[in-house]
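I opened the model to look up how its chains meet and what packs inside. My notes follow in the order I checked things.

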Amino acid sequence: MSGRKIGEVILDLQNISLRFGGVKALTDISFNVREHEIRAIIGPNGAGKSSMLNVINGVYHPQEGTIVFRGEKRHDMEANAAARAGFARTFQNIALFKGMSVLDNLMTGRNLKLKTNFLQQAIWWGAARREELENRAKVEEVIDFLEIEHIRKTPVGRLPYGLQKRVELGRALAAEPEILLLDEPMAGMNVEEKQDMCRFILDVNDHFGTTIVLIEHDMGVVMDISDRVVVLDYGKKIGDGTAEEVKNNPEVISAYLGTQH
Amino acid sequence: MAASQSGLASSPLDTFPRLLLNHAAVRGDRPATREKYLGIWQTWNWSQVAQEVRAMACGLAELGFKRGDNLALIGDNRPRLYWAMCAAQMLGGVALPLYQDAVAAEMVFVLQDAEVKFAIVEDQEQVDKLMEIKGQCPCLEHILYDDPRGMRHYTQTWLQGLDEVIAMGRIHDKNQPDFIPGEVSRGRSDDVAVMLYTSGTTGRPKGVCQTHETFIAAAASGVNFDQLTEREDILSYLPMAWVGDHLFSYAQALYAGFTINCPESGDTVMTDLREIGPTYYFAPPRVFENLLTTVMIRMEDAGAIKRGLFHYFMAVAKRCGADILDRKPTVSTADRLLYALGNVLMYGPLRNVLGMSRIRVAYTAGAAIGPDLFRFYRSIGVNLKQLYGATETCAAVCLQPDREIKFDSVGKPAPGVEVRIAENGEVQVRGKILFKEYYKRPDATAESIGADGWFHTGDAGFFDEDGHLKIIDRAKDVGKLAHGAIFAPNYIENKLKFFQHIKEAVCFGHDRDMVCGFINIDMGAVGNWAERRGIAYSGYTDLATNPQVTELIRECVEQVNAELSHDAMVAETQVHRFLILHKELDPDDDELTRTRKVRRGFVAEKYAVLIDALYSGKASQFIETQVKFEDGRTGKVSADLVITDAKTFPVMKKAA
């Protein structure tokens, strides 16, 4: 469909198991993500989707399994290392600084790119100033890309939900990520907002070549925009493949529609 | 580019391309165009603009654009779309701006009618629209887009980026430096420069052909009238297809050589207005109304002290502000002192918030402005004036001279323009500013310009004792009640619309025994009002049918009735019954024109069942209406509308 070429496997999760005490959140899950693709993780409530995302960017540490990222093998990710490696994410419940303006929120997304130290920034002269201007220019590109010019100076808390979601995507984009993890980017949105969000996700993928892993409930959305889908249920993988394949997978159908085994 | 080089120094400045090249030679370093891009205002001076326009013209010529071709322009106010107008004119072509928010189907007619071969559009959204209808417009050969975002996968050969076309033009211009000066010198002042389609309150839109001569005459008249200089700044944010924007942002800017500023997007206009602080400003009444509504809403939310101060000083301003602006000697010293204090504490900051600190002259036109609204801006020291005109007259028939401001008149005929009132009360105009013709419609042209050369505006009006023109209504809208009283719906509707809670009103009464009306509430103002009272609502329809809202609107209607009862001319036309519509009147549903005037006939037909209910004495009426969304999909809105009786007042004798 497009000029972007889906490349080699960039992230490979092998036999991941995650337990919280006696609760098995994820059991022996393996799947991979290719460069430049849109990869969806779906499943009913409590299937372990968010846990999976948290394993990928190092918030949770799985008890078993291996994560191979760009050929580098490790047992788990550290959140900090994940961010430096080019992971950025959005959250199911919006996690923005409500009292800060949209612009300032997006600037926090650039935090890892700052090289000057605290003292230099406090004086705001020379290198620190140059650096801020460069970062601001990047942030402005994101603002332009997401068409949020009109709310640049508005405190995030005053924005409607749909726009806050967009701002959160903006903050993730400001970090110029290689892999973007989106946790239910379309939850709670109306049809028009969903359409906008879909367009932005596709544009990000197309324009910047960003690899995207997303969790989503809305099956219509998932089928429309993802290249490949992995299906979880009760912490186990029950399906993996293109949207079409997954849709016809009897196990997936029964997990979603609740047919008797 | 010096004038001597281009060989144009001696030729008269009677076409827009010549004006442009002259500015590049005379004031090449002065800013010509600004646009906010990635949060920063970018400036192009006149010589840069001239270079860009030349390159664009050469690029268009390479693609085969010829003398007499029409160049369609679709998009928000972008510098390159303004420049493209001049580029087309350099080649002897005609600029044809279209309303950018029109849905694809609406564009078909214009594109077919004008046999458009070339279109320059803003972005992917507009490209998609044109692709949808390209099959119906066989003439359309080239579509050029300004913003390449999202366009990478469009491989059609007839689609090109404006960047590439300009780059191609630059090479062309370098190789053949005589080409553009040659083309410019072939241009004649009576060539058609621009074609503006009338919004068409009635029937199909008609292409109004304006020559260089007419628009330059109109621009010159306004510039001389208000002594505008090259130092003015103007915010260009109104639709490019509207005659007002074309006059102010294109014709006058090119005539006087002042700076146009393009906002970042339609949603940022308020912020951009404050940042630019224009010295010369133009807006239809609707914009002034929205600004005032925003201020009023914010004031209601302010603390008690601030609110008290605001109301106190607004009362002072109402009493003497406008007179002080008009330098009338009648104002008392005490009032002058109070006003000066108010200026420091209230009016100054308020003007600043509105982005009107630097305004020397502001105009409004396009629809009648409520006297109270008009008075508000003048009283806080904004020199807001009215002008009157039509697309066919380059928007410049009458202007209010400084210090001769009347709230209910549109001023005196502009220099060089003759105005007369026909026997049936219709305003007729003659002068250099008249359009050449309706495109390919000699019948319509003959109908509107009589054999004696007078243009029939279709507006009803009269001159007062000072020679000021007063417009009452569209001539065809003015009717009579069954018992003979004159019924001017617009007059009543404007009174209703001045209430911040009422966004739109449509009154009926012709050949009826009483006046009844539809009301559209203002979602922002009424929503805020409801929130402060803890009234829950789920959307427009829900809010509109809320009984407390009905009560609020009833009070407004009764207040208007009280005012009407004071004036013998209109006292019979008080609003007896009204209902609040379940949906906002919308141009996408053809209920408003693109310039947001009510299409009265259409509305009356569409909601005939509601009108019947109003006049048959029913207490409520069920209605279901189809609505069109911006992307062309449709949905349904239905509601049970309550019809309310409003109190009317006995006719009062006019106070001495």
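How many residues of chain B are in contact with chain A, and how many of chain A with chain B? I was working on a predicted model. I found nine residues of chain B in contact with ten residues of chain A. On the chain B side I sorted them into one nonpolar, five polar and three charged.

Next, the cores. I looked up the largest nonpolar core and got 197 residues, with B:L71 and B:L73 having the most contacts inside it. Helix α3 (residues 46-63) of chain B gives the most to this core, ten residues. I also noted a second, separate core of 63 residues, which includes A:L11, A:L13, A:A47 and A:I179.

I then listed what B:L71 touches, leaving aside residues up to four places away in sequence: B:F65, B:A84, B:A88, B:G93, B:V94, B:A95, B:L96, B:F118 and B:I120.

Last, helix α15 (residues 371-379) of chain B. Its buried residues are B:L373, B:F374, B:F376, B:Y377, B:R378 and B:S379. I found α12 (285-300), α13 (304-325) and β14 (384-388) of chain B among what covers them. After α15(B) comes B:G381, with a positive phi near 95°.

How do α13(B) and α15(B) pack, and at what angle? I read an angle of about 70°, with the axes 8 Å apart. The two helices are therefore roughly perpendicular to each other. The crossing of α13(B) past α15(B) is left-handed. In this contact, B:A317, B:K318, B:G321, B:A322 and B:L325 of α13(B) meet B:R375, B:R378 and B:S379 of α15(B). I counted the contact residues as three nonpolar, two polar and three charged.

Note on methods
Residues are numbered from 1 along each chain as its sequence is written. Chains are lettered from A and ligands numbered from 1 in the order in which they are written. This is a predicted model: local features need pLDDT of at least 70, side-chain atom pairs count only at pLDDT 80 or more; totals for chains, interfaces and linings use all residues. A nonpolar core is a set of buried Ala, Val, Leu, Ile, Met, Phe, Trp, Tyr and Cys residues joined through C-beta atoms within 7 Å. A residue is buried if 20 or more other C-beta atoms lie within 10 Å of its own, exposed if 12 or fewer, and partly exposed in between; C-beta atoms are placed from the backbone. Helices (H or I, at least four residues) and strands (E, at least two) are DSSP runs, numbered from the N terminus. Two residues are in contact if their C-beta atoms, placed from the backbone, lie within 7 Å. Ala, Val, Leu, Ile, Met, Phe, Trp, Tyr, Cys and Pro count as nonpolar, Asp, Glu, Lys and Arg as charged, and the others, Gly among them, as polar. Axes are lines fitted to C-alpha atoms, for helices over the stretch in contact, and angles run from 0 to 180 degrees between N-to-C directions. Angles under 35 degrees count as roughly parallel, over 145 as roughly antiparallel, 65 to 115 as roughly perpendicular and the rest as oblique. A crossing is left-handed if the near helix is turned anticlockwise from the far one by less than a right angle, and right-handed if clockwise.
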